[in-house]
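Work through these exercises with the structure open beside you. Try each task before reading its solution.

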Amino acid sequence: MDSWMNNCIKTFVLIIILLYVIIIFLVAGIIYFAYKSPHYSHLKHTISELGEDDAVNSRAANLGLFLPSGLLLISFGLLNSGNTNIKGLAICLGAGYLVSALFPCDPGSPLGGSGKQTIHNIGGFIEYAGGIYFLNKSRQLLLTPGFIEPQWIIGFLVVCVILTSLPGFKLRGLFQRIVEFILFGQLLWLSYH
C-alpha cells in the first residue's frame, strides 16, 4: 500500500512539474518572440500574431512554440486521469495552440479572411469556449472571493474573449492575456486540488 501511495505521489508531482514547464516555456517563448518582432505590442496584438503569415519569426513561433505547447498541454490533459475538468481544460487550451501552429492567422488576426484564418478562429473558439465551459463546470474558481459568484467571473471571461475577437479593439492583446492568465491559473489551481 505504501509503495502504491508513493507511486501516486510521484506521478502527481511529475504531472504538476510538467504543467509548470509548459507554462514557463510558453510565457518565455511569447516574451522572446515579441521582443524579436518589431512593432509588436503585448497590449495591442494577440499571441497568435507572433506566428501570423509574414511575421518576422512566424515559422519559429508556430513550430517551436505553439506546436510543442499545444502537444504538451494535450498530453498533460490525457495523463490526468482523475478530474475531467482538468483534462477538458488542458485539452481545450492545447487544441487552441495546436490549431494556431498548424493554421497561422492572417496578418492582424481578423474575424474573417482566408480559409486558414477560419480554421484558426475555430481553434481559438475551442480554446476559449471550451476553457470557459470546463471552468464553469468545475465550480471551483480560484479567483472567486466569497462575495463574487462564479458566474460573474465566467461572464467577465466571456466579455474579455469578445473584446479580444474585435480586430479594431486597441487592447485586445491585454484582454487575451487576462483570459489566458485566468485559464492557465485555474488549470494550475485545479491540478493541486
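**Exercise 1: the largest pocket**

Find which residues lie nearest the centre of the largest pocket, then describe its lining.

Step 1. The lining has 27 residues, and Asn121, Gly124, Phe125, Tyr128 and Ser165 lie nearest the centre of the largest pocket. A pocket is an open set of points on a 1 Å grid over the protein atoms alone, where a 1.4 Å probe fits, with protein on both sides within 12 Å along at least five of seven lines; lining residues have an atom within 4 Å of a point. This is a predicted model: local features need pLDDT of at least 70, side-chain atom pairs need 80 or more, and totals for chains, interfaces and linings use all residues. Numbering starts from 1 along each chain as its sequence is written, and side-chain values use heavy atoms, without hydrogens or water.

Step 2. Take the volume. It is about 530 Å³ for the largest pocket, counted as the space filled by probe spheres set on the points, with grid points joined across faces, edges and corners.

Step 3. Assign the lining to elements. Helices H3 (84–102), H4 (115–138), H5 (150–164) and H6 (172–192) each supply at least two residues. H4 gives the largest share, nine residues. Helices here are DSSP runs (H or I, at least four residues), numbered from the N terminus.

Step 4. Sort by class. The lining of the largest pocket has 12 nonpolar, 12 polar and three charged residues. Asp, Glu, Lys and Arg count as charged; Ala, Val, Leu, Ile, Met, Phe, Trp, Tyr, Cys and Pro as nonpolar; the others, Gly among them, as polar.

**Exercise 2: the second largest pocket**

Step 1. Val27, Arg177, Glu180, Phe181 and Phe184 are the closest to its centre, out of 14 lining residues.

Step 2. Helix H1 (2–36) and H6 each give two or more residues to this lining. H6 supplies the largest share, six residues.

Step 3. By class, the second largest pocket is lined by 10 nonpolar, two polar and two charged residues.

**Exercise 3: the core**

Locate the largest nonpolar core and trace the contacts of Leu89.

Step 1. The core holds 38 residues; Leu50, Phe66, Phe76, Leu89, Tyr97 and Leu187 touch the most other members. A nonpolar core joins buried Ala, Val, Leu, Ile, Met, Phe, Trp, Tyr and Cys residues through side-chain atoms within 4.5 Å. Buried means under 20% relative accessible area, with a 1.4 Å probe and protein chains only.

Step 2. Leu89 touches Gly131, Phe134, Leu135, Leu183, Gln186, Leu187 and Leu190, leaving out residues up to four places away in sequence. Contact means heavy atoms within 4.5 Å.

Terms used. Buried < 20%, exposed > 50% of the residue type's maximum accessible area, 1.4 Å probe, protein only.
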